[in-house]
Amino acid sequence: MNIYFNLRGQFARQIAEDRVIQEVAMSAPRRSSSSHGDRLSSETLQKNNCSNSGVILDISTLKIAEGDSGVPPLPPRYRFRDLLLGDPISQNDDRVQVEFYVNENTFKERLKLFFIKNQRSSLRIRLFNLFLKLLTCALYVLRVYLEDPKQPNDETTCLSHVPSSLPPPQVTVALISFLETMLITYLSYKGNIWEQIFQMSFLLEMINTVPFIITIFWPSQRNIFVPVFLNCWLAKCALENMINDLHRAIQRTHSAMFNQVLILICTLLCLVFTGACGIQHLERAGNNLSLFKSFYFCIVTFSTVGYGDVTPQIWPSQLLVVILICVALVVLPLQFEELAYLWMERQKSGGNYSRHRAQTEKHVVLCVSSLKIDLLMDFLNEFYAHPRLQDYYVVILCPTEIDIQVRRILQIPLWSQRVIYLQGSALKDQDLMRAKMDDAEACFILSSRNEVDRTAADHQTILRAWAVKDFAPNCPLYVQILKPENKFHVKFADHVVCEEEFKYAMLALNCVCPATSTLVTLLVHTSRGQEGQASPEQWQRTYGRCSGNEVYHIRLADSKFFGEYDEKSFTYAAFHAHKKYGVCLIGVKREDNKSILLNPGPRHIMAAADTCYYINITKEENSAFIFKEEEKHNKGMSVSGLYDAPSRLPVHSIIASMGTVAIDLQNPDPPEDTSKLAPPTENGGGGGGSRRPSIAPVLEIADSSAILPCDLLSDQSEDETNQSDEEGEGSVGSDFVKGYPPNSPYIGSSPTLCHLLPQKASFCCLRLDRGCTHSSFEDAKAYGFKNKLIIVSAETAGNGLYNFIVPLRAYYRPRKELNPIVLLLDYPPDNHFLEAICCFPMVYFMAGTIDNLDNLLQCGIIYADNLVVVDKESTMSAEEDYMADAKTIVNVQTMFRLFPSLSIITELTHPSNMRFMQFRAKDCYSLALSKLEKIERDKGSNLAFMFRLPFAAGRVFSISMLDTLLYQSFVKDYMIPIARLLLGLDTTPGSGYLCVMKVTEEDLWIRTYGRLFQKLCSSSSEIPIGIYRTESHMFSTSESEVSINVEAGTEPRAGEHRPSSETWKEKTAHRNSTPSDQSEHPLLRKKSMQWARRLSRKTAKPASRAERISQQRLSLYRRSERQELSELVKNRMKHLGLPTVGYDEMNDHQNTLSYVLINPPPDTLLELNDIVYIIRSDPLAHMPDETPVGPAGGTKNQQEFGTETRDETHL
């Protein structure tokens, strides 16, 4: 932009000086006249400047404010207002008129703007030019066909007789083309005329147009030959320019691949057309070939076939063929090379997802920083596990080049037709347009958890989410965040999963509810429950079948499961639905309320508009109902109501061979002859003729008198404590209070009612291994904790660690059962974190690592019940991806050898590395499980790792296994809220919480899981959802030992552990018998060893004396190794001044296996030490609004309620 200020400087300065002199000399009464003179002077100046063609600069008069003015000046706001209102005086006084872009007002610039610069007008010009070139080629072909072939030809001049009707159109077109070429050349002139003249396009235009213009003045030259067919090359250039203008005009670009293919096709056509027309013209002096034969010859020649039936006869045509072949050998390879390069680049970038496909097909977009094979397969397997998503396409948008392994996977026919990989960034609108983000059904944005700086990874995720929301506001967003403090930045997303929130909450619940991580992982994975069904192991078949249970939802009015329980209590509906159909009702949502309530209790009355959430093998719509006709006739009863008519539900799969989990319609009414709960007989009800103790029925409508009030500020554990107990005064938690934590470490944490200290603890008191002025304790033994410790080993005290403490200090945890928490941190925490945890009771920290034995002993590992090892951020990235867990695995293996009875819960980066946890190199059973995992993986199972003993027992966990929680939310939008409620991350008023109860020897009279369901529903309104079962198992250390036990079938030798699991009959009849009286489990163990030997593909060898001696020496070696480790630990404890009493009591409990049974069949027998997962209703939900109870009466009711609760919990 050039602005010219053309002013006459001397004249302006003279006028300014005169006015200054006049204003100083003149008095106040004469100022008006002077100002009038000034206006005249300014008008004169404007007249003098009007002749300038540049910018007109109107300079107002200079005025000097005088101090003797009688009228004060107006405030600035009034002056500005006058300027806005258009005051004529102010406008005339101060005004500068500036004209911009005056250089574009010339005639040449306007022509250039129309022909070149303007996109749409230049596109029309180029389209007209293309039409002219094609018209000239068509006229030439028509001229060739209309010429007289009998006219003699002259080889030297190549003249031919032409009809008189064709030259006028050709001359007209040539004249127009000539004028256009000269105009474009003039407009694009840049100072070098020769560069414009010697351009190939300009020379071709002159050759094809000037001869026709000459014929206007010399008509005798109309028969001269003009190679008009060369206009095809000009048409090719016009087409290329037109495509470029088209891209600029409509702001939509085709791929470079499309442009290159178009250029290659045009080049081939131009070569063939030029060769055909040239050879046809030159052969007039020879064989006089027709245009079609010349075209045939060019096609045969360029295709390298070369039949030889048509050949040029004279040397000019032969020379033209040589030139064309040389040009083709030079031009075509360059074109093909460019095409191949673009093809390779397109393979890397992935191309585009067409707009037509986006409008006719459904697709989702997956945005990731780097795509790994594990992440891709987890997403695809979980996403396409749902039948309704089979027709969806997955578009992957990743900024990095596609990995070789990922490329191989995407070439599989199963995925090649469904998955499209695009290399690009979510922060570029062009790449989002390529992925058709605005037409996508959903967008999944995943964080890169393998980054060293996880905060930086979150920042990238946040920017991607903002970019997608800005580009496609209506596209549903599913975002994964690593750090909880970054969660509020993506609060606008439809679904957000914070990794550290879920991780720490799940690890915390693992300490009080064993294997919660396994329970939740199995619930959020899609499975049909067919894993392990071919195994001879009973626990594997049961465990695999129950792993197929998932959470589904249905409206009560549309449900066959729950439709008949309208206007019944929630507990009543849950029990009878489980009794009749084997489904577990866990939650409900009102139509007018968006919050999901887990086990709202018996006060909740079911309504037809309620949404029910239940656990089952498959959803109700895919179930068929099998009526038991025999039972109906035998009992003389008919199923009334909803079940008289045949099922109208679609039959996609039949649930069978699962006991009562198969949908068997039984009598829903409870037996009439019921009595109150009676204590079991001495024989446990197992003797002949004795009646089993009965269980109270579940009421349809809750009795308000049976639900006693619960005080918010009181604790049931205090009420349960006997007043005559001598230890009552010193009970744990006597000085704790309930309230909300005053300090939250990050924005967005859900407020939870917790046990708190009356006053915040000092920061110095939180240090476990150092005394202070308030406390002199320097180790865990000195504190004298009554409960076992929970030790957490982490690298830093991040904000996510706060979610580990909150579930363990929630208000519904009994005070006397609170476990002390010790944070073993590599780096000391900052004051911000200490400020957040100083209000919680019995929470301490210590600087140290798990690879230092002294640190472990000082933090009280021998007094701990659980040790949680959190994956360290610094080790998540390694040169080899799967080596990121190497240090953690080796350290945990060391602790596993040093402290065998300690429950170690480990977090790993890669789920495939869990096979190295508690590794035994010579354990044949583990090797057999490894082969079983490979078999399940080959079958396409998403849970192939589920049979690994550490995972089944809940001892190992990987946060990547919870990625499916985000994927399932696309189909089940309720999964994230339910998972948060189960883990205690959210506390919705009226919603229950997850806890456990242990089956003791006094509870075995209940016998089955179905009766336990009834007992819990009728007494305490608790909903059981699964069982955590532990069985004794022999883990052989060598193949020879397996062979001996299998072949001989003898009893185990002395010192070996025997299985303690037995059937209900054996438990009731021989409860006090010794393990040697058990006769059923050696057969089970024999089958296990046969299965292990068959999978290991080794033949059994007879037991020889040498093998027995080697086994004895091996056992002696193992005892020596164990004694050596024990001596090492004791020496370090003595060196640190710690007593060794606690370590001597630690026993080796390694010969057990544990697993989770989700929603087992009602006829599943209970076993001793089974841990039952239950959803207990919210204690605060039973508080009545108006309860006219006096002080004494209130205390009595609370004591009775506490006693009843204790009996209900322990049965």
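This is a predicted model: local features need pLDDT of at least 70, side-chain atom pairs count only at pLDDT 80 or more; totals for chains, interfaces and linings use all residues.
1. Residues are numbered from 1 along each chain as its sequence is written, and side-chain values use heavy atoms, with hydrogens and water left out.

2. (A salt bridge is a side-chain nitrogen of Lys or Arg within 4 Å of a carboxyl oxygen of Asp or Glu.) E550 belongs to strand β7 (residues 550–555) and K972 to the loop between α33 and α34, so the pair ties together parts 422 residues apart in sequence. Helices (H or I, at least four residues) and strands (E, at least two) are DSSP runs, numbered from the N terminus. E550 is buried at 2% relative accessible area, and K972 is buried at 5%; buried means under 20%, exposed over 50%, and partly exposed in between (1.4 Å probe, protein chains only).

3. How many salt bridges does a search of the whole structure find? The search finds 21. One of them joins R980 and E501 (3.0 Å, N to O), linking helix α34 (residues 975–983) with helix α20 (residues 499–512) across 479 residues. R980 counts as buried at 11% relative accessibility, and E501 does at 1%. Elsewhere, R454, K483, E499 and E500 are linked in a salt-bridge network.

4. Now to the rings. The whole structure holds 35 aromatic pairs, meaning rings of Phe, Tyr and Trp (its six-membered ring) with centres within 6.5 Å; planes under 30 degrees apart are stacked, over 60 edge-to-face and the rest tilted. F379 and Y967 have ring centres 4.9 Å apart and planes at 85°, so they are edge-to-face. F379 is in helix α15 (residues 373–383) and Y967 in helix α33 (residues 963–968), so this pair ties together parts 588 residues apart in sequence. Both F379 and Y967 are buried.

5. F379 and Y967 also belong to one aromatic cluster, together with F383, Y384, Y392, W415, F444, Y478 and F970. Within that group, Y384 has R418 over its face, at 4.4 Å from the ring centre.

Notes. A charge sits over a ring if NZ of Lys or CZ of Arg is within 6 Å of the ring centre and within 35 degrees of the ring normal.
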